[in-house]
Amino acid sequence: MAGHTTPPAPREGAAPPVRKPNWKMIGPGMVVAATGVGAGDLVSTLIAGSKFGYTLLWAAVVGCVVKIALAEATGRWHLATGRTIFDGWRSLGAWTTVYFAVYVVIWGFVYGATAMSSSALPLAALFPDVMPLKVWAIITGLIGLAFVWTNRYAVVEKIMMAFVGVMFVVVVYVALRVAPDLPRALAGLVPVLPSGSIVYTLGLVGGVGGTITMAAYGYWINAKGWTDSGWMKMMRLDNRVAYLTTGVFVIAMLIVGAELLHASQIALASGDQGLLDLDRVLEERFGASTANLFLIGFFAASFSSLVGVWHGVSLMFADFVERLRAARGQDATAGVAPLARGEQERSWPFRGYLLWLTFPPMTLLWLDKPFGLVIAYGVLGAFFMPFLAATLLWLLNTDRTPREWRNGPLSNVLLAASCVLFVVLCVQELRDLPW
């Protein structure tokens, strides 16, 4: 493959008709938002609330704005150019192909085990002594595989919307149950950085809902049937509603941490186990029914991330393989039209990556993540969000994008700020790795 390719030419002809935004069509944004908010994100938010009360509430709001800007940029690229994000990356040079190839293989191997374990934890707590945690994890992985293998995007969207509904009801219910202090919550909207809060602040702004699945948003809007700039207004409505909903999740969990844990100085374990700690606190305070309801919400958050990754990143991998195969038989400077709607979900690369996410990671359930693999996973994962933000800035400010849909000042400011933020988070995450 050539070291640099020229951008695909903007599409010619009359502008497509503008579709009027319709609330009933909202969906892809909810899929990407539900996928990005996993159990680990909820724990980090709880810990921030338990340590600093409502003080960092403003960071959750800023984080919501950052995610809206990133997802909007991804969707705008797909709709404005008719090209996928990987086609855009390929136009920036061969280095993007090398990076993504290494990343998607190692990341998928480790994430598969993480997702299965996270989904198994609440099931093991809801049904104690039924079977070992590893068996629950394998079952959730197989169910996710079978569901994504046999269904298309439309069904995936419906089940993900159901998960979002469960997460929303449970998290908001628990937040209301702990009786939030509204004056202190409103005071938390004023930007303040207490001593020792910088890591938690950065995590709230950049970490919750920010994963490789943000890059998958464009594939989901294409799978929905939104394929040209006439859908731009609909995409923007979909994106804003989804990440505002994510913002409510984050604020609700921060309230739970502030009210239930901060005042009592209760510490949670890091990682997904922290949600089981909260389950025990809820049972002591409000009874078994509230605790069980929370475990159901915990499962919805974890399993929706599993299903979303199994589907969305497999779509990205299928497109990645298609770009490579097409490049062998044509001039590397030419653009490659994406596969027709629904074809990728039946392709061997899509199903091959599904199998990669499911079966090899099961070995890690026994091996407890070999040290070298953890390091590689952490390094590649830390670099992905800066990579996404920087490449979107590059793609959307050049003639790779039709002039009408290039970045405006606000988009540039938000994307540049998110790029700096994710670089700082990247450095912090690299420092925290067990070198």
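Predicted model: local features only at pLDDT ≥ 70, side-chain atom pairs only at ≥ 80, totals over all residues.
Biologist: At what angle do helix α1 and helix α10 pack?

Modeller: Two packed helices are described by the angle between their axes and the distance between the axes. For helix α1 (residues 28–36) and helix α10 (residues 217–224), the axes lie 9 Å apart, and α1 passes α10 in a right-handed crossing. The angle at which these two helices pack is about 145 degrees.

Biologist: How many residues of α1 are buried?

Modeller: A residue counts as buried when its relative accessible area is under 20%, and in α1 the buried residues include M30, A33 and A34. Helix α1 is largely enclosed by the rest of the structure, because the number of its residues that are buried is 9 of the 9.

Biologist: Is V164 buried or exposed, and with which residues is V164 in contact beyond its neighbours within four places in sequence?

Modeller: V164 is found in helix α7 (residues 153–177), and its relative accessibility is 8%, so V164 counts as buried. Although V164 and V31 are 133 residues apart in sequence, their C-alpha atoms are 8.4 Å apart in space. Leaving aside neighbours within four places in sequence, the residues in contact with V164 are M30, A34, T245 and F249.

Technical notes
Residues numbered from 1 in each chain as written. Heavy atoms only, no water. Axes fitted to C-alpha atoms, helices over the stretch in contact; angles between N-to-C directions. Helix = DSSP H or I, 4+ residues; strand = E, 2+ residues; numbered from the N terminus. Left-handed = near helix turned anticlockwise from the far one by under 90°. Buried < 20%, exposed > 50% of the residue type's maximum accessible area, 1.4 Å probe, protein only. Contact = heavy atoms within 4.5 Å.
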